[in-house]
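Please read them alongside the sequence and the coordinates.

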Amino acid sequence: MDNGKIIETVGLTKRYGPQTAVDHLSFQVEDGEIFGFLGPNGAGKSTTLLMLLGLSRPTEGSARVCGLDPIRKAREVKRLVGYLPENVGFYGDMDAVQSLEYVAGLSGISTANLGDKIERLLDLVGLKAEARKKVGAYSRGMRQRLGVAEVLIKDPKVLFLDEPTLGLDPDGALRLIELIHSLNRDHNITVVLSSHNLYQVQKISHRVGIMIKGKMVAEGSMEKLAQDKFGVGDKEYSLEEIYMKYFQEV
Amino acid sequence: MQGLYAVFRKELCDHFSSYRFVILFAVIAMVSFITSYVVGIHMRQNLEALSNTKFPFLMLFSTTGTLFSMVQFVAFFGPLIGLVLGFDSINRERAHGTLIKLISQPIYRDAVINGKFLAGVVTISIMLLSIVLVITGFGLAIVGVVPGIEEIWRLTVYLVISIFYVSLWLGVSILFSILFRSIATSALASVALWIFLSFFVSLGADVVANTVAPVNQQNAANPEAVLRNTRIKESVGLCSPMVLYSRATATIIDPMRKTNRAIVLMGPMEELLASRFQNPLPLSQSLIVVFPHTTALIAITLICFAISYTVFMMQEIRT
């Protein structure tokens, strides 16, 4: 919260035995932006998100999320942060409304007006027609959108989305990205978006961070990264070119 | 608290709507019906001829019918209820990717395991209570005996001990569901432990006793040797929760039993006394007799849950 930073980490480190998953990571995410969190598989992105949520204890270093320490104030942080994990699971024998009611119950949201809220959210993510269908029968795209509705039910300030478009068809991925964009634009929700779909990240992110082997090798706006790597030129570089350049250097 | 309540409610719903609960309940209810019915018929015919009819109502539970009594049945198969309710509680969530979702909600992590355990205990309590009530109804209808105050108290104590006993196995199966990622492994492991502790320990007790303090032709007449053999057998047997439970409930449900020991050394006068004055023990005395067993049983249950709790809290959950 202080000085407009939603996330601030200082020397955040996580070791599993001899292996270092996250290596002295220091980065910042500002209030109201979409932060594209990039990196190859196994770079430590998910581990970082887990540490920011207080679900995993850092070996060294510290983090602040909305001005709170995620280790000491895990519950408060989790109230403010909605986390959509990679391959999020659902209870197949519940329908969308029941799933949302369960999550609302866990978040301690009062049952007054809950029905209206659920209806509004299902409308927002485009699942109104399938609200009473069992989640077991949902397609992957529908499940991801239900996942977004589930994290939105507690009115979060921040969203951590871990590979939300993974395995979606182009149309489904586009709809999800547009949904994320509108959440940021219309509801002023800060988004940390981890994805391999560089084209889509480029389209909606204000700033990106590239994480390779547990280290943040680059952080900043697209123009800044392009300038750092290619110098000032009249050519516009795509995020993919920038990413590949960093990736080859490491 | 809100997290605990939400998890508890959902788990309870799941238990009651699951097929396995219905099947299990059907099997157990059927066996208890048949057992109590057979016992009831038997009692109605022989009630006049029975030597002691101080607490005829409790005999519905303790009399061995064609195969076994109600009390023995719960001792044997009660653990199965606990195992079936718990063996996949954590690793199913893990396999479906819902565990990470659960704990990334604004709840304390222990709400998940507490809610699951509580829902299991409540399900077990409802199951056992309803079985006891059904048999009570049968007793009223077939035999025509009405339970007295003391009998109701004894049944209540019996129920409480039984709930702890079955919850112990619920705790074991939840522990295995935390330790093992695969649902099949945790189911097998809990069944294996159940079979080992319930059936093989008593076999093992015989072996140990006969090795350490054998009773052979030379010393068969020596009471010291026989007593030593029996003591060892009993001590080893107490490793089994089933033995603990059987000992505890047998004395509660049968007021005529005055001790938990298999062999009691008595002088001639004591023997005479025991045969002359065959009065039932008052409830308070029965409770004192089974106090060590009951305490041990409750302690094991709590320790087992405490281990699951600690392991779950320390575990790193990524999926």
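At what angle do helix α4 (residues 70–86) of chain B and helix α7 (residues 110–143) of chain B pack, and how far apart are their axes?

1. The two helices pack at an angle of about 150°, with their axes 11 Å apart, where axes are lines fitted to C-alpha atoms, for helices over the stretch in contact, and angles run from 0 to 180 degrees between N-to-C directions. Because angles over 145 degrees count as roughly antiparallel, α4(B) is roughly antiparallel to α7(B). Helices here are DSSP runs of H or I with at least four residues, and strands are runs of E with at least two, numbered from the N terminus.

2. This is a predicted model, in which local features need pLDDT of at least 70 and side-chain atom pairs count only at pLDDT 80 or more, whereas totals for chains, interfaces and linings use all residues. Residues are numbered from 1 along each chain as its sequence is written, and chains are lettered from A and ligands numbered from 1 in the order in which they are written.

3. On the α4(B) side of the helix pair, Met70(B), Ile81(B), Gly82(B), Leu85(B) and Gly86(B) meet Gly120(B), Thr123(B), Ile124(B), Met127(B) and Ile135(B) of α7(B), contact being taken as C-beta atoms, placed from the backbone, within 7 Å. By class, this contact has six nonpolar, four polar and no charged residues, with Ala, Val, Leu, Ile, Met, Phe, Trp, Tyr, Cys and Pro counted as nonpolar, Asp, Glu, Lys and Arg as charged, and the others, Gly among them, as polar.

4. Chain B as a whole has 13 helices and zero strands, and its C-alpha atoms fill a box of roughly 70 × 50 × 30 Å along the principal axes. Of its 319 residues, 39% are buried, that is, with 20 or more other C-beta atoms within 10 Å of their own, the C-beta atoms being placed from the backbone. Among contacts in chain B with a separation of 6 or more, 84% join residues 24 or more positions apart.

5. The contact between the chains takes 21 residues from chain A and 18 residues from chain B. On the side of chain A that touches chain B, the elements giving two or more residues are α1 (45–53), α2 (74–80) and α3 (96–107) of chain A, and the largest share, five residues, comes from α3(A). By class, that side has eleven nonpolar, six polar and four charged residues.

Terms used
Angles under 35 degrees count as roughly parallel, over 145 as roughly antiparallel, 65 to 115 as roughly perpendicular and the rest as oblique. Two residues are in contact if their C-beta atoms, placed from the backbone, lie within 7 Å. A residue is buried if 20 or more other C-beta atoms lie within 10 Å of its own, exposed if 12 or fewer, and partly exposed in between; C-beta atoms are placed from the backbone.
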